[in-house]
Amino acid sequence: MSSNRLKFIDLFAGLGGFHVAMSRLGHDCVFAAEIDTDLQDLYFENFGMRPASDIRFSWKDVPEHDILCAGFPCQPFSKAGSQTGFSCPDSGDLFEYILKIVDRRNPRFLLLENVPNILRHAQGETWQRIRDSLRVRGYAVKAKEISPHQIGVPQIRTRAIIVACRPSLNGFEWPEFASTTSNLHISSVLDDTPNQLDVLPENYVTYLNVWQEFLDLIGSQTKMPSFPIWAMEFGADYPYDTQNPTTYSQQYLAKFHGAFGAPMTGISKGQQVALLPPYARDESPAFPRWKVRFISQNREFYSEHRQKLQQWLPKVRAFPPSFQKFEWNWQEGRRTLWDKVIQFRASGIRVKNPATAPSLVALTTSQVPVIPWQKRYMSVRECARLQSLGDLKHFPTSKTRAFKALGNAVNADVIELVAKCLLERSIDDPAITPEDQPDALATG
């Protein structure tokens, strides 16, 4: 790379993942923007500069710069969000302010990050609008889906990385990435003696012990289901496949059994509905196909293993409904919970390969990955390493806010690697060629 120090700006800065990455490459931040006042204070503590607030009001203050970096808000484009896209009243217009800055300052390079669904949102129209709005301004544009596990960080968290250069991307090549997690393990980011250890509560250890008993009863010769286990369906036979069970009469429902085989005879309609699993009580006229399929698969599974599970079933019945669900996400793994990575989620207890952590999203503390062999949650500092931000000195003092900020952060190692490739490219050829067509859906 050239020895010249370039100037970059850090928009929607959050914890400063772009700042960390670009500073490692020897470049200078000349402006940052972050609407959250607590994160503004934190940015100042970590980097010695205070971000401007809402970019809607501060975009005219952006100075001359060479590289525009932005992890613009993803909620309008996320599968988990509203998917209202550019029409989102809260943040759908923020990309337009990136364009205002581009028009005003004409930076040579753009480096953007968002959820991968932005490349497919609205049948591809959103991505086309982003790409075309940059091309008409003289930029060549490419995009790629990249996850930290592809560069040796034990976290699977795919993100869309968008690069743009004026006038051409000739000579730019994406970094080469690993295709497997065979050399990864989450222990690489763990402390031997983490500070402020969050021990797994005893009742949560009990949940794991009971589900371990389930694994032992099923036996290693039986293939684990690929569908989530819904123990509430074990013994249930209420109608579900043509219409919502709540739409049937009291007299008709009296013929059936609710969750865990509870009889529905001799009680009121309201009591019958209360005996249904929580996911079977909504007001829709019929269940979606995926729910019908899961119910059917669970009932068939229980039918095959009833004799083994009858004595076990009362134990799981005492659990909160969320933890009566169980997802085994590593078919090749040994039938033990204690060497995996676990999350206690509203959708159930999720068990994953310890090679990588679950994707860090804007986590609630209840979804922080659990290290079962140490019977504890991951610490803030350990989760920060999953975002390649473990060397930051300061994080939010509230763990809830810290995990949320990490879930919204960009991975600094991913950004650094892509930025290095972008800035080292040959910039002598001004022609924009067919090579600059986006390879947006490549996962490399």
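**Charged pairs, cores and a pocket**

Asp-413 and Arg-24 join their side chains in a salt bridge, with N and O 2.6 Å apart; the term stands for a side-chain nitrogen of Lys or Arg within 4 Å of a carboxyl oxygen of Asp or Glu. Because Asp-413 belongs to helix α13 (residues 412–424) and Arg-24 to helix α1 (residues 17–24), the pair ties together parts that are 389 residues apart in sequence; helices here are DSSP runs of H or I with at least four residues, and strands are runs of E with at least two, numbered from the N terminus. The model is predicted, so local features need pLDDT of at least 70 and side-chain atom pairs count only at pLDDT 80 or more, whereas totals for chains, interfaces and linings use all residues. Residues are numbered from 1 along each chain as its sequence is written, and side-chain values use heavy atoms, with hydrogens and water left out.

Asp-413 is partly exposed, at 26% relative accessible area, and Arg-24 is also partly exposed, at 38%; buried means under 20%, exposed over 50%, and partly exposed in between, with a 1.4 Å probe and protein chains only. A further salt bridge pairs Lys-399 with Asp-198, their closest N and O atoms being 2.9 Å apart. This pair links distant parts of the chain, with Lys-399 in helix α12 (residues 399–408) and Asp-198 in the loop between β6 (159–165) and α6, 201 residues apart. Salt bridges with shared partners also join Arg-24, Asp-413 and Glu-416 into one network.

Turning to the interior, in soluble globular proteins nonpolar side chains tend to be buried together. The largest nonpolar core has 76 residues, of which Leu-15, Trp-211, Phe-214, Phe-234, Phe-326 and Phe-344 touch the most other members; such a core is a set of buried Ala, Val, Leu, Ile, Met, Phe, Trp, Tyr and Cys residues joined through side-chain atoms within 4.5 Å. Helix α6 (residues 202–218) contributes the most to this core, with 9 residues. A second, separate core has 32 residues, including Ile-118, Ile-130, Tyr-139 and Ile-162.

On a 1 Å grid over the protein atoms alone, a pocket is an open set of points where a 1.4 Å probe fits, with protein on both sides within 12 Å along at least five of seven lines, and lining residues have an atom within 4 Å of a point. Of its 19 lining residues, Asn-195, Gln-196, Ser-379, Val-380 and Arg-381 are the closest to the centre of the second largest pocket.
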